[in-house]
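Welcome! Try each task yourself before reading on.

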Amino acid sequence: MKGQDWYQADEVAEEYDDVRFSGGGALIDRREKEAVLSALGPIEEGHRVLEVACGTGRFTTMLADQGADIVGLDISREMLEQGREKAADAGLSDRVEFMRGDASRLPFPDDHFDTVVAMRFFHLMDEPLQFMTELRRVSSDQVFFDTFNARSLRVLYTWLLPMGSRLYSERQVAEMLRAADLTLAGEEHDFVLPYGFYRELPGAVAGPFRFLDELIGNTIPGDYVASVSYWDARVPDEA
Ligand SMILES: C[S@@+](CC[C@H](N)C(=O)[O-])C[C@H]1O[C@@H](n2cnc3c(N)ncnc32)[C@H](O)[C@@H]1O
């Protein structure tokens with residue numbers, strides 16, 4: 001599995017947030033957090049959330065702050081350590097549990113969580129359906145995740161990435177959801193200019209590009225070539 005080894009290195013974990021989410025990358029962090037917050041809606045106290053492949057806890061910490069009863073699970077001790085530090089810095093250590101585990105064998109009973117979130121995860125997976133089925137198994141209501149898209153400028157550089165990157169078409173995602181017995185409640189497509197582009201820019205320069213990107217993205221052709229999709233899937237009601 002591509003990401004599993006890569007994220008075990010101390011320096012990868014320590015630099016993860018800075019490399020991706022400083023400068024122009026801050027716009028990406030903001031957009032991803034908006035996507036998660038808008039899909040989950042107002043969080044009722046005690047809403048049970050699992051974040052799979054939580055990494056440095058960007059979303060785990062944010063959702064704990066919103067009142068979720070949350071577990072962040074990741075296979076990398078080093079990434080989890082960054083997450084624990086982030087939660088401690090935010091004064092949220094007592095509201096979040098970080099746990100080491102493999103997303104293909106989640107250590108929870110069926111339907112244990114209300115919502116399962118998995119961000120920046122599916123591009124690393126060789127067996128995505130197996131993972132999706134496992135996310136579905138432990139969720140009683142919602143599975144929220146993102147994918148990187150095959151029909152986008154990301155194809156220009158994705159093969160250069162040290163941990164590789166699997167790209168998806170809408171049809172593949174739809175098939176995966178069907179096979180995992182999930183229904184689609186919402187989808188958003190964004191970033192005609194892919195993440196890698198923004199990461200290379202200083203924040204002040206990235207802003208105008210993002211403005212243009214959003215203008216183009218808000219058109220049907222823009223959706224068609226967006227590099228990222230955010231998917232809000234639901235467990236069907238029992239008949
Ligand atoms: C690109 S990072 C994303 C981290 C976080 N979700 C974010 O968006 O910042 C991918 C994460 O997946 C984790 N990972 C890879 N394979 C995994 C597996 N089989 N089970 C759980 N986590 C895994 C890695 O350790 C890493 O933290």
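**Exercise 1: The annotated span**

In residues 49-138, the end C-alpha atoms lie 10 Å apart, and the span is 36% helix and 23% strand. Keep in mind that this is a predicted model.

Task: Find what UniProt lists for residues 49-138.

Solution: The unreviewed UniProt entry gives these residues as "domain: Methyltransferase".

**Exercise 2: Around the ligand**

Solution: 
- A polar backbone atom of A103 lies 2.9 Å from a ligand nitrogen, and for I75 a polar backbone atom is 3.3 Å from a ligand nitrogen.
- Step four: check the cover. Alone, the ligand exposes 600 Å², and the protein buries 99% of that.

**Exercise 3: Aromatic pairs**

Task: Classify the ring pairs F121 with F131 and F122 with F145.

Solution: 
- Step one: the F121 and F131 ring centres are 5.3 Å apart with planes at 90 degrees, so this pair is edge-to-face. F121 sits in the loop between β4 and α6, and F131 in helix α6. Both F121 and F131 are buried.
- Step two: F122 and F145 are 5.2 Å apart, centre to centre, with 55 degrees between the planes, a tilted pair. F122 is buried at 0% relative accessibility, and F145 is buried at 0% too.

Key
Residues numbered from 1 in each chain as written. Predicted model: local features only at pLDDT ≥ 70, side-chain atom pairs only at ≥ 80, totals over all residues. Heavy atoms only, no water. Polar contact = N/O pair within 3.5 Å; in protein donor to acceptor, adjacent residues only side chain to side chain. Areas by Shrake-Rupley, 256 points an atom, 1.4 Å probe, with all protein chains shown as cover. UniProt positions renumbered as here; feature names shortened; annotations may be inferred. Helix = DSSP H or I, 4+ residues; strand = E, 2+ residues; numbered from the N terminus. Phe/Tyr/Trp six-rings, centres within 6.5 Å; stacked < 30°, edge-to-face > 60°. Buried < 20%, exposed > 50% of the residue type's maximum accessible area, 1.4 Å probe, protein only.
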